[in-house]
Amino acid sequence: MRVVSWNIHWGCGKDSRIRIHAIIDVLRKLNPDVICLQEVASNHPELEGSASANQFRQLSGAFGGYHAVIEPTSEIYQNNLPRQFGNLLLSKYRMTQVHRHMLPWPPDPDSPAGMPRGLIETVLEAPGGKLRILTTHLEYYSTLQRMAQIQYLRYQHWEACERAVIFQPDPSLDAPFQLGYRPGSAIYCGDFNMLPGSAEYQALLAPGEGATLPLVDAWGLKNEQKHAPTAGLHGFAWPDKPDTYDYFFVTDDLAPRVTSVDVLSETAASDHQPILLELA
């Protein structure tokens, strides 16, 4: 099982030109089973390179054998036309549930910039049984907001694990209640906008309570060296130096199945690099 996560920077490469086909080419070569993308845009001509096309539609259409879940977390209307920006998940595997979570966005007087953030949660019929795959893009400017979002991820994970323990199917209920089993086993990925060892990083991985399956950083399971940089390569102006912002976190029951975690550093199609997780 191969899962790729990538902040695609609305397809804007080092030359400030938008080339969604370059993003598609990289993804096709990787041939993942699940694709998790952040910073997908639609009808945003003011963005660098002019992201006026509907990239959610372009990317979904390019991978016709996949099921698509779109989550425009920012949706601004101008002349009754939506300008959308957010996350996209594509899966070869059958989906049994989809949940779109809006993350907390508490007012921060020290950081008035920012935008709504979200989390896509899917339950997939994957090899080895059902599991959840979730992708997100946390706030960059505000530590206060980012920490609130981390705490929500922790709560959401606890809730899923507890519901998995008490789940009992009840065919007598009406159809909307028939969601089926939502497992605790999960893969969380995306652009977390936090550095390894930061307070937010430590908070996410702090021990849980009750039936919660602990989350572990998948990088450390197969790599002895420190985290490879996932942004700032190829001469992009941001960040000040190459560093790690993108991660895979897995529940500890999945840890023995992790065979590799890699950062694909070659492409300059985005200011972030795609990261790839493989499970046996």
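Contact here means heavy atoms within 4.5 Å. The model is predicted: local features need pLDDT of at least 70, side-chain atom pairs count only at pLDDT 80 or more, and totals for chains, interfaces and linings use all residues. Residues are numbered from 1 along each chain as its sequence is written, and side-chain values use heavy atoms, with hydrogens and water left out.

**View 1. Leu277 in the largest nonpolar core.** Leu277 touches Met1, Arg2, Val3, Ile187, Ala218, Phe248, Val250, Val258, Ser260 and Val261, leaving aside residues up to four places away in sequence. A nonpolar core is a set of buried Ala, Val, Leu, Ile, Met, Phe, Trp, Tyr and Cys residues joined through side-chain atoms within 4.5 Å. Buried means under 20% relative accessible area, exposed over 50%, and partly exposed in between (1.4 Å probe, protein chains only). The largest core has 26 residues; Leu277 is among those with the most contacts inside it, as are Met1 and Phe248. Elements that give two or more residues to this core include strand 2, strand 11 and strand 13 (275–279). Strands (E, at least two residues) and helices (H or I, at least four) are DSSP runs, numbered from the N terminus. Apart from this core lies another, of 22 residues, including Trp6 and Phe56.

**View 2. Two residues with positive phi.** Most residues other than glycine have a negative phi. Trp10 has a phi near 45°. Trp10 sits in the loop between strand 1 (2–7) and helix 1 (20–30), and is buried at 10% relative accessibility. Asn43 has a phi near 60°. Asn43 belongs to strand 2 (residues 34–44) and is partly exposed, at 22%.

**View 3. The loop between helix 5 and strand 11.** Pro239 is found in this loop. A cis peptide bond joins Trp238 and Pro239, with omega about -10°. Asp243 lies in the loop between helix 5 (219–222) and strand 11 (246–251) too. Asp243 is buried, with a relative accessible area of 18%. Beyond residues up to four places away in sequence, Asp243 touches Leu195, Pro229, Thr230 and Ala231.

**View 4. The lining of the largest pocket.** A pocket is an open set of points on a 1 Å grid over the protein atoms alone, where a 1.4 Å probe fits, with protein on both sides within 12 Å along at least five of seven lines; lining residues have an atom within 4 Å of a point. The volume is about 520 Å³. Of 24 lining residues, the closest to the centre are His9, Trp10, Glu39, Met115 and Tyr141.

Note on methods:
Grid points are joined across faces, edges and corners, and a volume is the space filled by probe spheres set on the points.
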